[in-house]
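Please look over the structure shown here, with attention to the ligand and its surroundings and then to the aromatic rings.

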Amino acid sequence: MSILMQVLRDSLKRAPKEALSPARASNPLIQYLEMHPDGRAVDRWHHYFDIYHRHFARFRGTQFTMIEIGIFNGGSLPMWREYFGSKATIVGVDVNAECVKFAEPGIEIMIGDQADRVFLASISDRYKDIAIVLDDGGHRMHQQIATFEELYPHLRPGGGVYLCEDTHTSYMPVFGGGYGNANTFIETSKSLIDKIHAFHSLDTSVLAPDDFTRSTDSLHFYDSVLVIEKRERTPPHRVSYGKEAEFTYVAPSLSGRRQD
Ligand SMILES: C[S@@+](CC[C@H](N)C(=O)[O-])C[C@H]1O[C@@H](n2cnc3c(N)ncnc32)[C@H](O)[C@@H]1O
C-alpha cells in the first residue's frame with residue numbers, strides 16, 4: 001500500500017474519533033469500539049456503555065476477575081481487556097464450544113450452560129476473586145435466575161458488581177417472559193427490593209434479613225439492565241446532627257413502631 005494510501009487511511013481512521021460527541025468521547029468503551037472499526041462485532045443498546053462505565057470504572061487498572069456470560073463473536077472480550085488493563089482476568093463463558101478460539105493472554109474461556117448450576121459452581125470454584133459478573137447469555141428466565149442465584153453469592157463481598165442485561169426479555173414469551181409472570185427475572189429481582197429493606201421488617205416471619213440483605217448495597221434498574229452493587233452491610237443506625245427543634249414532631253417514628 002502506498003504511503004499516501006496509508007496516510008489517507010489513517011486520517012480516515014481518526015475521523016470517527018473527531019466525530020464523537022463530548023459525552024461519547026468521555027466514554028472509553030465507545031472510544032475503543034470507534035477506534036477499532038475492523039474489530040470483532042459488538043452489538044448493544046446504545047445506553048448500555050454509560051451504565052458499564054458508571055459501575056465498572058473503579059475497577060480499571062486493578063487486579064480482579066470479570067465473568068462475561070455470552071461470548072458470540074468475542075468482540076467485547078478485547079474491549080474489556082483494554083478498558084480494565086492487564087491486571088484484570090477476563091473470562092468469557094458460552095455454551096458454543098467454538099468460542100474457545102477467543103482465548104488469548106488475559107482472556108480465558110469456559111464452555112458450558114449458564115442454566116447448569118453444577119457448571120456455574122465450577123466457575124466460582126476456579127475463580128476466587130470475581131468482582132464483576134455480566135450476564136449477556138441466552139436471556140431466558142431460568143438462565144438469568146440460575147446464573148444470578150449461583151454466582152452472586154461468590155462475587156467479591158467487599159464491593160462487587162452483578163450486571164444482567166437485556167432484562168426486557170422478561171416481557172417476551174419467546175424467552176419465557178411475559179408481563180406480570182411470576183417466573184420472570186424481573187419479577188424475581190423485584191423481590192430483591194424487599195430484601196434490601198429487610199432490616200426494617202416488623203414481621204420477620206414474612207420478611208427477614210438474609211445473606212442478600214447483609215451483602216447488598218444497592219439495586220439499579222435501567223431500561224433492560226439491572227445492576228446490583230455488592231457490599232457487606234449491617235443494620236442501619238440513625239445519626240442526628242444539630243440542636244433539637246423546640247416543637248415536637250408528630251408522626252409515626254421511622255422505626256415503624258408505635259409512637260415512642
Ligand atoms: C448476545 S450473545 C453475547 C454477545 C457478547 N457478549 C458480545 O458482547 O458480543 C449471547 C451468547 O450467549 C450464548 N448462550 C446462549 N445460551 C447460553 C447458555 N445457556 N449458556 C451459556 N451461553 C449461552 C450464545 O451462544 C451467544 O454466543
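The briefing below treats the ligand site and then the aromatic pairs.

This is a predicted model, in which local features need pLDDT of at least 70 and side-chain atom pairs count only at pLDDT 80 or more, while totals for chains, interfaces and linings use all residues. Residues are numbered from 1 along each chain as its sequence is written, and side-chain values use heavy atoms, with hydrogens and water left out.

**Ligand surroundings**
- There are 17 residues around the ligand, of which Arg 44, Gly 70, Asp 94, Asp 113 and Asp 136 come nearest (a residue is near if one of its heavy atoms lies within 4 Å).
- The shell around the ligand is made up of four nonpolar, eight polar and five charged residues, where Asp, Glu, Lys and Arg count as charged, Ala, Val, Leu, Ile, Met, Phe, Trp, Tyr, Cys and Pro as nonpolar, and the others, Gly among them, as polar.

- An N or O atom in the side chain of Arg 44 is 2.6 Å from an oxygen atom of the ligand (a polar contact is a pair of N or O atoms within 3.5 Å).
- A polar side-chain atom of Ser 76 lies 3.1 Å from a ligand oxygen atom, and an N or O atom in the side chain of Asp 113 is 2.8 Å from a ligand nitrogen atom.

**Aromatic pairs**
- The count comes to 16 aromatic pairs, for rings of Phe, Tyr and Trp (its six-membered ring) whose centres lie within 6.5 Å.
- The rings of Phe 56 and Phe 84 have centres 6.1 Å apart and planes at 50°, so this pair is tilted (under 30 degrees is stacked, over 60 edge-to-face, the rest tilted).

Terms used:
A polar contact is a pair of N or O atoms within 3.5 Å; within protein, one must be able to donate a hydrogen and the other to accept it, and residues adjacent in sequence count only if both atoms are side-chain atoms.
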